[in-house]
Amino acid sequence: MTKVELIAKVAADADMSKKDAEKAVNAAFAALADALHNGEKIAVSGFGTFEVRERAEHMGRNPRTKEEIMIPASRTVAFKPGKALKDSL
């Protein structure tokens, strides 16, 4: 599902215009991104949990040259689905 399809689905389900649905979807994504940027954990009941995880610096290998390289530490977003979501799949 693309963002455009998500906006259309929200507009249809909430009986609102696509323009208003787009504002709502964009605001929700901005709030999620802002919270994650600040290191907050986001728990959506019945859906799942988003959190920022730290990845340590580690050794990797260039598959083309087989040369070992150091992969720097980084931060990434992790999602853990909730029980209701897992059960619905």
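Residues are numbered from 1 along each chain as its sequence is written, and side-chain values use heavy atoms, with hydrogens and water left out. Because the model is predicted, local features need pLDDT of at least 70 and side-chain atom pairs count only at pLDDT 80 or more, while totals for chains, interfaces and linings use all residues.

Helices (H or I, at least four residues) and strands (E, at least two) are DSSP runs, numbered from the N terminus. Two strands pair if DSSP finds at least two bridges between them. Three strands form an open sheet in the order 1-2-5, with antiparallel pairing. Strand 1 (42–44) and strand 5 (74–81) are at the edges; each has a single partner strand, so one side of each lacks a neighbour in the sheet. From one strand to the next, the twist averages 25°. Angles run from 0 to 180 degrees between N-to-C directions, and axes are lines fitted to C-alpha atoms, for helices over the stretch in contact.

Strand 1 pairs with strand 2 in the antiparallel sense over three bridges. Ile42 has Phe50 in strand 2 as its bridge partner. The hairpin of these strands has three residues between them, and Gly46 there takes a positive phi near 80°. On the other pairing, eight bridges join strand 2 (residues 48–55) to strand 5, again antiparallel. Phe50 stands opposite Phe79 in strand 5, and Arg55 has Ser74 as its bridge partner.

Strand 3 (residues 58–61) and strand 4 (residues 68–71) also pair in the antiparallel sense, over four bridges. Gly60 stands opposite Ile69, and Arg61 opposite Glu68. Six residues lie between the strands of this hairpin, in which Lys66 takes a positive phi near 65°.

Helix 1 (residues 3–14) and helix 2 (residues 18–37) have axes that come within 8 Å and cross at roughly 120°. The crossing is right-handed, that is, the near helix is turned clockwise from the far one by less than a right angle. In contact (heavy atoms within 4.5 Å) are Lys3, Leu6, Ile7, Ala8, Val10 and Ala11 of helix 1 with Lys18, Ala21, Glu22, Val25, Asn26 and Phe29 of helix 2. These residues divide into eight nonpolar, one polar and three charged. Ala, Val, Leu, Ile, Met, Phe, Trp, Tyr, Cys and Pro count as nonpolar, Asp, Glu, Lys and Arg as charged, and the others, Gly among them, as polar.

The largest pocket has a volume of about 160 Å³. A pocket is an open set of points on a 1 Å grid over the protein atoms alone, where a 1.4 Å probe fits, with protein on both sides within 12 Å along at least five of seven lines; lining residues have an atom within 4 Å of a point. Volume is the space filled by probe spheres set on the points. Leu6, Val25, Ala28, Phe29, Leu32, Val44, Phe47 and Phe50 line the pocket. Helix 2 gives the most to this lining, with four residues. The lining divides into eight nonpolar, no polar and no charged residues.
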